[in-house]
Amino acid sequence: MGCAPRRRLWLPVACALLLPWPVVASEGDGGDREDIVRTYQAAAHAHQSGDLVAALDLYQKVVQLNPRVASVHNNMGSIFHKLRQIELAEESYAKATTLPDCPVEAHLNRCILLSEELGDFAQARLQCLKAIERRPHYFQAYQQLGNIEQSQGRAIQAQEYFQRARLLSMSELEEVKASAAELFQWDPVEVGHQRQVELGGDELVTLETLSVFPAVFRVRRFLNATQTHGLIAEASSRLQDSQTIGQASRKSRTAWLSTHQSALLLQLARRVSRLAQVPEEVVLGSEELQVLHYEAGGHFGLHHESTSFLRRFATIVYYLNDVASGGELCFPSAQVADSSRDTCANEDTCSVHEQVDSHSRHRHSKTPECAKGLLLTPRAGDAILFYNYKGDGDVDTEVMHAACEVLEGEKWAANHW
């Protein structure tokens, strides 16, 4: 799978920036321009559709016709990165950044690769600074500089870069709001409402409403045992200590898995597309799957998935194992009726609120926010869907949530954004 990944910091920036064909080409460009443009357009279409192998083959044909188009090398780098071919990704990004028509995005992509995969923080910092020199309001580059400083233990410098990124990103809020408002959201209707969703073929799943404000849904056994075990196996060798920005307390380990690195992940992305009713290319182009491992005492305090410079429209949480005690997902703002004891005899028919022993709420010393609201017990294979934005495109502040402390045993989970 290429070289072993370096620690990826919380709130990563996108690493695959697909660039269009340059509008202007010099007279000295080699190859037949019409043939080059046609091949490039086919490559870009395959790239955006998630067919990385076909896209890479077409980009390489463009390079054979004209090796001096920086955007082609940048796009090839993003594919190699997703395929975990790290050395080839660096070779492609390096080529892009040395050409006269180098797009500013290539500097950022190379900065991310060097810092998160190869550990060359000095060269990574230089690439991010070059990106900012060419685009002074490039908030993603400031964010990545913050990631670099944080990884080196320079918290004050990191916060300065993060704050700068937040301020610069504010100018794009209206555009983000409009984009979020265009994406489909399921209507929660009422707590307990159930609807059947087709995932392709003969597969039907039941989407159950657990909360209306905020909108939270659950699918029982969305993943089978083979899939949950497969995700754990793929992530186990990649785990690094989780990190976060902000005040939320966190103790866990994280691995990032590319959608394109296995048939299991590609199949999961396609099923997610049908479940959430969003285009497949949106899911395939989103962040890598985040797999989390919590041991006893592990937790993640109250937080929101979307920030001013990392916009996550929706979140799907997968439980990969049963937890002996604790490890619930809590939405403190959700208005629910508590149950004083576990009265559920049949987990397939009872309400989620009947499955949680309310006395356990007060044992989460590291996550006191778990004392109220909607508390979801981890059950292997279940998927939880919630939206980080309201239907009008505004951020939904009520969807703040926490991963409650694991009191006994261990917890494996994964997140799709």
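Where is Arg221 found? Arg221 sits in the loop between E3 and helix H10 (225-236). Helices (H or I, at least four residues) and strands (E, at least two) are DSSP runs, numbered from the N terminus. The model is predicted: local features need pLDDT of at least 70, side-chain atom pairs count only at pLDDT 80 or more, and totals for chains, interfaces and linings use all residues. Residues are numbered from 1 along each chain as its sequence is written, and side-chain values use heavy atoms, with hydrogens and water left out.

Backbone geometry was examined next. Most residues other than glycine have a negative phi, and most peptide bonds are trans. Arg221 has a positive phi, near 50°, and is not a glycine. Arg84, also not a glycine, has a positive phi of about 65°. Arg84 is placed in the loop between helix H3 (70-82) and helix H4 (86-98). Its relative accessible area is 2%, so Arg84 is buried (buried means under 20% relative accessible area, with a 1.4 Å probe and protein chains only). A cis peptide bond, with omega near 0°, runs from Phe213 to Pro214. Pro214 belongs to the loop between strand E2 (203-211) and strand E3 (216-219).

Pro214 also features in the surroundings of Val399. Val399 lies in the loop between strand E13 (383-387) and strand E14 (401-403). Val399 is buried, at a relative accessible area of 0%. Beyond neighbours within four places in sequence, Val399 is in contact (heavy atoms within 4.5 Å) with Pro214, His304, Phe331, Phe386, Tyr387 and Asn388. Ala334 is 65 residues from Val399 in sequence, yet their C-alpha atoms are 8.1 Å apart.

E14 takes part in an open sheet of five strands. The order is E5-E8-E14-E11-E12, and the pairing is antiparallel. Strand E5 (250-251) and strand E12 (374-376) are the edges, each pairing on one side only. Two strands pair if DSSP finds at least two bridges between them. Strand E8 (residues 299-303) and E14 pair over two bridges. Phe300 has Ala403 of E14 as its bridge partner.

The largest nonpolar core holds 39 residues. Such a core is a set of buried Ala, Val, Leu, Ile, Met, Phe, Trp, Tyr and Cys residues joined through side-chain atoms within 4.5 Å. Phe222, Leu231, Leu275, Leu289, Tyr318 and Leu320 touch the most other members. Helix H11 (residues 263-276) gives the most to this core, with seven residues. Another core, of 22 residues, lies apart from it and includes Ala46, Leu58, Val72 and Ile86.

Technical notes
Buried means under 20% relative accessible area, exposed over 50%, partly exposed in between (1.4 Å probe, protein chains only).
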